[in-house]
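Subject: Handing over a structure

Hello,

Here is the structure I promised to pass on to you. Have a look at it first, and then read on for what was found.

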Amino acid sequence: MDVAVSVNGTVYERDVEPRKLLIHFLRDDLDLTGSHIGCDTGNCGACSVIFDGKLVKSCMLLAVQANGAQIETVEGLSEGDELNALQRAFREHHALQCGYCTPGMLMSATALLRDNPSPSDDEIKTALQGNICRCTGYWNIFEAVKAAAR
Amino acid sequence: MLLREVEYAKPASVAEALTLLAADDGARALAGGQTLINVMKARAASPDALVDLNGLEELKGIELGADGTLSIGPMTTYAELIASAEARARPILGEVCATIADVQVRNRGTIGGNLCSNDPTNHLPPLMSAIGAQMTITGAGGTRTVPASDFFLGVYMTAVGPGELLTRIHVPAGRHDGFAAVTLGVDGTCIVNAAATWDGKLRIALGCVDAVPVLVEADSVDDVRAAVRGARLDPPSDVHASSEYRAHLAGVLAERAARQAAG
């Protein structure tokens with residue numbers, strides 16, 4: 001099935017099987033391996049991307065459903081060769097250890113700050129609820145998002 | 001996970017969706033996909049074809065009638081309902097939807113999908129049962145509207161038959177509602193949940209304790225525990241809770257939901 005999907009502003013035209021998950025399309029067909037597969041059951045949030053302006057888990061969508069959609073992934077965050085303000089805040093606050101969850105965390109925080117540039121502490125925690133991190137205990141991630149929000 | 005091979009169609013109208021569903025016994029409607037895609041990975045469901053309802057504006061939107069009743073399109077997402085000014089006419093709807101899973105799932109998962117999947121641990125079957133919602137089902141034979149008590153038929157089974165779709169959810173006016181749950185982690189899967197509404201007496205629907213929501217009625221909050229005992233629940237046991245503990249929680253949560261509804 002032919003699809004045309006915009007990812008980070010570039011339109012990709014591909015022939016995909018309907019059974020292919022969006023996360024596999026991004027990683028295997030487009031070689032955009034920034035979005036990770038963690039649990040593959042919709043729990044961990046490592047595959048989170050922004051789909052037509054809404055944060056979603058790309059392991060629970062089919063690639064064919066993205067036909068005509070605008071997708072944003074972690075590869076689209078940096079400003080040229082420079083990290084953006086949120087990514088810098090993650091580095092400055094040591095908001096990652098192994099880094100596996102980080103692309104998803106960044107996309108969840110990006111979606112939050114776009115809708116709500118000055119979130120409360122509770123709003124930050126709620127926004128990150130769908131993303132699991134097994135290293136940090138979450139605190140430094142929370143601090144990084146809070147710093148980026150100022 | 002690689003899914004089994006499946007065909008895919010994205011109809012442009014409800015009529016076309018019904019035709020596609022009726023033409024193939026192995027076709028399944030794809031709503032938000034936040035359950036269906038995962039059970040397809042596990043091969044717990046293996047449809048031959050998916051009929052994607054996303055994009056059908058006829059199945060979206062929330063209207064508030066002059067009499068305070070709400071008409072909810074089944075393809076409305078949890079996030080859209082939470083943000084809807086109209087849906088605040090029955091505040092419990094948004095309050096409960098805000099506790100389902102996480103931002104990503106609420107952005108994609110739908111009210112109709114939650115009802116039609118009818119997993120016994122879902123939030124909305126007991127809520128819609130307690131508040132007396134009615135569901136409109138459309139198929140080749142026409143349209144019919146059934147109360148929640150006739151909609152939820154068994155585990156994963158509803159009155160929506162092969163070749164049919166849930167096309168509208170009708171919620172009566174009311175504000176005196178409550179909901180309580182014990183979950184696996186904050187906003188996780190329910191171990192037991194209870195929804196209650198007060199309209200001169202209490203009507204409580206218990207979830208996770210049987211194949212379909214169990215309705216009990218009581219005259220006052222003080223009578224709720226006895227009413228739940230009278231229902232002689234025999235809930236399933238699993239790794240999260242024994243049958244006895246679930247039955248105990250049902251009484252506790254029914255009382256909490258009832259207190260909120262009557263308060």
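To start with one residue: does A:Q65 count as buried or exposed? At 7% relative accessibility, A:Q65 counts as buried; that word stands for under 20% relative accessible area, exposed for over 50%, and partly exposed for anything in between (1.4 Å probe, protein chains only).

Some ground rules before the rest. This is a predicted model, in which local features need pLDDT of at least 70 and side-chain atom pairs count only at pLDDT 80 or more, while totals for chains, interfaces and linings use all residues. Residues are numbered from 1 along each chain as its sequence is written, chains are lettered from A and ligands numbered from 1 in the order in which they are written, and side-chain values use heavy atoms, with hydrogens and water left out.

**Around A:Q65**

You will find A:Q65 in the loop between β4 and β5 (70–72) of chain A. Helices (H or I, at least four residues) and strands (E, at least two) are DSSP runs, numbered from the N terminus. Leaving aside neighbours within four places in sequence, A:Q65 is in contact (heavy atoms within 4.5 Å) with A:F51, B:Y8, B:L30, B:D52, B:N54 and B:R108. With B:D52 there is also a polar contact, side chain to side chain, at 3.0 Å. A polar contact is a pair of N or O atoms within 3.5 Å; within protein, one must be able to donate a hydrogen and the other to accept it, and residues adjacent in sequence count only if both atoms are side-chain atoms.

The size of an interface is often given as the accessible area lost when the parts come together. Here the area buried between chain A and chain B is about 2,200 Å², and carbon and sulfur atoms give 53% of that. Buried area is the accessible area (1.4 Å probe) that two parts lose on being put together, summed over both. A:R19, A:M60 and A:Q65 supply 32% of the area that chain A buries against chain B, more than any other three residues.

Counted by contacts, 28 residues of chain A touch 28 residues of chain B. Across this interface the rule finds 13 residue pairs in polar contact, both residues being at pLDDT 80 or more. On the side of chain A that touches chain B, the elements giving two or more residues are β3 (48–51), β4 (54–57) and α4 (121–127) of chain A. The largest share, four residues, comes from β4(A). By type, the residues on this side of chain A are twelve nonpolar, eleven polar and five charged. In that sorting, Ala, Val, Leu, Ile, Met, Phe, Trp, Tyr, Cys and Pro count as nonpolar, Asp, Glu, Lys and Arg as charged, and the others, Gly among them, as polar.

**Salt bridges**

Side chains of opposite charge can pair when their charged atoms come close. The rule for a salt bridge is a side-chain nitrogen of Lys or Arg within 4 Å of a carboxyl oxygen of Asp or Glu. Over all chains the count comes to 16, and across the interface of chain A and chain B it finds three.

One salt bridge joins B:D102 and A:K57, with the closest N and O atoms 2.6 Å apart. This pair crosses between chains, from the loop between α4 (91–97) and α5 (103–108) of chain B to strand β4 of chain A. Both ends are buried: B:D102 has a relative accessible area of 7%, and A:K57 stands at 1%.

Within chain B, B:R225 pairs with B:E255 at 2.7 Å. B:R225 sits in helix α9 (residues 224–230) and B:E255 in helix α10 (residues 243–262), 30 residues apart. B:R225 is partly exposed at 33%, whereas B:E255 is buried at 19%. B:E255 also forms a salt bridge with B:R259, at 2.8 Å; these two both lie in helix α10 of chain B, four residues apart, about one turn of the helix.

**A helix to look at**

Finally, turn to helix α3 (residues 102–115) of chain A. Twelve of its 14 residues are buried, so α3(A) is largely enclosed by the rest of the structure. Among the buried ones are A:M105, A:L106 and A:M107.

Enjoy exploring!

Key
The expected span of a helix is 1.5 Å times one less than its number of residues.
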